[in-house]
Amino acid sequence: MALDRVPRRVGVVGYGRLGQSLVSHLLTQGPELGLELVFVWNRDPGRMAGSVPLSLQLQNLAALGERHPDLVVEVAHPKIIQESGAQILRCASLLSLRVTMATHPDGFRLEGPLAAVPSTGRRTVLYEGPIRGLCPFAPRNSNTMAAAALAAPSLGFDGVVGVLVADLSLTDMHVVDVELSGPPGPTGRRFAVHTHRENPAEPGAVTGSATVTTFWRSLLGCCQLPSRPGIHLC
């Protein structure tokens, strides 16, 4: 698949597992797909040493405008968007990429009071309630729930219920169940939809194996959209 236009200039913010995968794809396949990697930024610059060309390492995120990116892919901590999202949007379109899974306790990266909740048995419910109260304390494990709230504005972050479960049997996968039900009809029965997703994952990994490929495909799909300011959600 070739893009018959001027190459899209792409910057990557974050160099964890997802960032490393995207950078590798951009360096090896980007040119033939019409994509040019123009910078990589990470909170710990030393992590890029030896794997990211020095000319592509961005030491100061505030200087990203000097690289003139068309698209910035954020695969870092959510705090980065809180602190620098507005600045990034002044320079480029922003692709936010996160997938959350329910999994083994070692697969969670919890903060605040949730980090202190013990897993007391084979299957422990760590949180059940409005996702507004979950997202700040599970920023790396609540994105599917946040996406559901955005997709259902009539419910939003206060109406969508999030349930975070630590399951000792899920040592090699992340599982997401989505249940949707409508009001009861004349017969008392409801319209309901239930989806179940299992994503293989290495033990203790926050990111499932299939997610890495999904993020790359999302980036390619976003780059086929007309170039314009704003947030691209793929």
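Start at strand 6, residues 161-167, and pick out Val 161, which sits in this strand. The model on screen is predicted.

Is Val 161 buried or exposed? Val 161 counts as exposed, because its relative accessibility is 54% and the cut-off for exposed is over 50%. With Val 161, they make a nonpolar surface patch of about 230 Å².

**The largest core**

Go inside next. Select Leu 26, Leu 35, Trp 216 and Leu 219. These have the most contacts inside the largest nonpolar core, which has 24 residues. Now colour the elements that supply at least two residues each to this core: strand 1 (8-13), helix 1 (17-33), strand 2 (35-41), strand 3 (71-74) and helix 5 (209-223). Which element gives the most to this core? Helix 5 does, with seven residues.

**Another core**

Select Ala 63, Leu 64, Ala 76 and Ile 80. They are among the 13 residues of another core, which lies apart from the largest one.

**His 68**

Last stop: the loop between strand 2 and strand 3, where His 68 lies. Check the backbone here. His 68 has a positive phi of about 50°, although it is not a glycine. Most residues other than glycine have a negative phi. Then show the surface. His 68 has a relative accessible area of 55%, so it passes the over 50% cut-off and is exposed.

Methods: Residues are numbered from 1 along each chain as its sequence is written. This is a predicted model: local features need pLDDT of at least 70, side-chain atom pairs count only at pLDDT 80 or more; totals for chains, interfaces and linings use all residues. Side-chain values use heavy atoms; hydrogens and water are left out. A nonpolar core is a set of buried Ala, Val, Leu, Ile, Met, Phe, Trp, Tyr and Cys residues joined through side-chain atoms within 4.5 Å. Buried means under 20% relative accessible area, exposed over 50%, partly exposed in between (1.4 Å probe, protein chains only). Helices (H or I, at least four residues) and strands (E, at least two) are DSSP runs, numbered from the N terminus. Patches are made of residues with over 30% relative accessible area and no salt bridge: like charges are joined within 9 Å, nonpolar side chains (Val, Leu, Ile, Met, Phe, Trp, Tyr) within 5 Å. Accessible areas come from the Shrake-Rupley method with a 1.4 Å probe; for residues, only the protein chains shown count as cover. A salt bridge is a side-chain nitrogen of Lys or Arg within 4 Å of a carboxyl oxygen of Asp or Glu.
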